[in-house]
Amino acid sequence: MNTYQLEATPREVVGKKASKTIRKAGLIPVVLYGQSPVEVPYKGALSKGEAVVEIGGNKGVVVANLLVTNENIRNLIYTPHIYLVNLTITGGKSVKAIVKDIQFHPVTDAILHIDFLEVFDNKQIVMEVPVVLEGHAEGVRAGGKLNLEMRKLRVKAFHSQIPEKLTVNVEKLGLGKAIQVGDLQFEGLELINAKNAVVCSVKLTRAARGMEAAATETPAS
């Protein structure tokens, strides 16, 4: 998985009104969810732009409210690739993170908000990884059409083991056949999707069905 360098600054003012002003200035509000558990008092002050969300007792997830520029974030979001983000916060703090969630404007598709999740070398994470089909399927050579049903699969692994893409070989995929999640295995990865979910399939086209029917018709005597 490739890395993406991103700089952020602490956000001191929160709320809907402040968010509108921030976006007009070409900035995007983001939240970084940090290491859990953290042994600090609930709502205790950690540093500028940070707070603690209660999980149980005095344990919680460190939440940092930050700002990034729209220009710096575009190449991270509008891409088919996945990245490990090297997030550098003004003041010297630097963390590794992945994109957890993105909110888009329902009409303009402008980025409204992003959630990042801090990751660690010794803890597994769950990410969606793009699926790429490889090879010329037998079913396609027989007149079928290859359909990619799932463009991404959810995998669980250490971030260092997560690949840029999941390559699925379809050479032996026959007409009317499908490859399900349970049929796939990738070294070091655990697939989280339902095992019976169809990843890709070869379906008989209408034209091929007509040709097949014509070929089986018995000539009139």
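How many residues sit between strand 7 and strand 8 in their hairpin, and which residue in the turn has a positive phi? There are six of them, and the residue is Asp 109, with a phi of about 65 degrees. Keep in mind that this is a predicted model.

**The big picture**

The protein has four helices and 15 strands. Of its 221 residues, 36% are buried. Its accessible surface is about 13,500 Å², and carbon and sulfur atoms account for 50% of that. If you look at contacts with a separation of 6 or more, 67% of them link residues 24 or more positions apart.

As for confidence, the mean pLDDT is 84, with 81% of the residues at 70 or more. Where pLDDT is low, the predicted coordinates should not be read in detail.

**Strand 8 and its neighbours**

Strand 8 covers residues 111-118, and six of its eight residues are buried, so it is largely enclosed by the rest of the structure. Strand 7 (residues 93-104) pairs with strand 8 in the antiparallel sense over seven bridges, and Gln 103 stands opposite His 113 in that pairing. Strand 8 also pairs with strand 2 (residues 27-33), this time in the parallel sense and over four bridges. There, Val 30 stands opposite Ile 114.

Strand 13 is joined to strand 15 by three bridges, and Gln 180 has Val 198 of strand 15 as its bridge partner.

| Strands | Sense | Bridges |
|---|---|---|
| Strand 2 and strand 8 | parallel | four bridges |
| Strand 7 and strand 8 | antiparallel | seven bridges |
| Strand 13 and strand 15 | antiparallel | three bridges |

In soluble globular proteins, nonpolar side chains tend to be buried together. In this model, the largest nonpolar core has 28 residues, and Leu 153, Ile 162 and Leu 184 have the most contacts inside it. Strand 9 (124-134), strand 11 (152-158), strand 12 (166-169) and strand 15 each supply at least two residues of this core. Strand 9 gives the most, with four residues. A second, separate core has 21 residues, including Leu 32, Ile 73, Val 85 and Ile 89.

Which residues does Ile 162 touch, leaving out those up to four places away in sequence? The list is Met 1, Ile 82, Ile 125, Met 127, Val 129, Val 155, Ala 157 and Leu 189.

Val 155, one of those partners, is worth a look too. Val 155 lies in strand 11 and counts as buried, because its relative accessibility is 0%. Not counting residues up to four places away, Val 155 touches, among others, Ile 125, Val 126, Leu 166, Glu 190 and Ile 192. Met 127 is also a contact of Val 155; the two are 28 residues apart along the chain, yet their C-alpha atoms are separated by 5.5 Å.

Terms used: Residues are numbered from 1 along each chain as its sequence is written. This is a predicted model: local features need pLDDT of at least 70, side-chain atom pairs count only at pLDDT 80 or more; totals for chains, interfaces and linings use all residues. Side-chain values use heavy atoms; hydrogens and water are left out. Two strands pair if DSSP finds at least two bridges between them. pLDDT is the predictor's confidence in each residue, from 0 to 100. Buried means under 20% relative accessible area, exposed over 50%, partly exposed in between (1.4 Å probe, protein chains only). Contact means heavy atoms within 4.5 Å. Accessible areas come from the Shrake-Rupley method with a 1.4 Å probe; for residues, only the protein chains shown count as cover. A nonpolar core is a set of buried Ala, Val, Leu, Ile, Met, Phe, Trp, Tyr and Cys residues joined through side-chain atoms within 4.5 Å.
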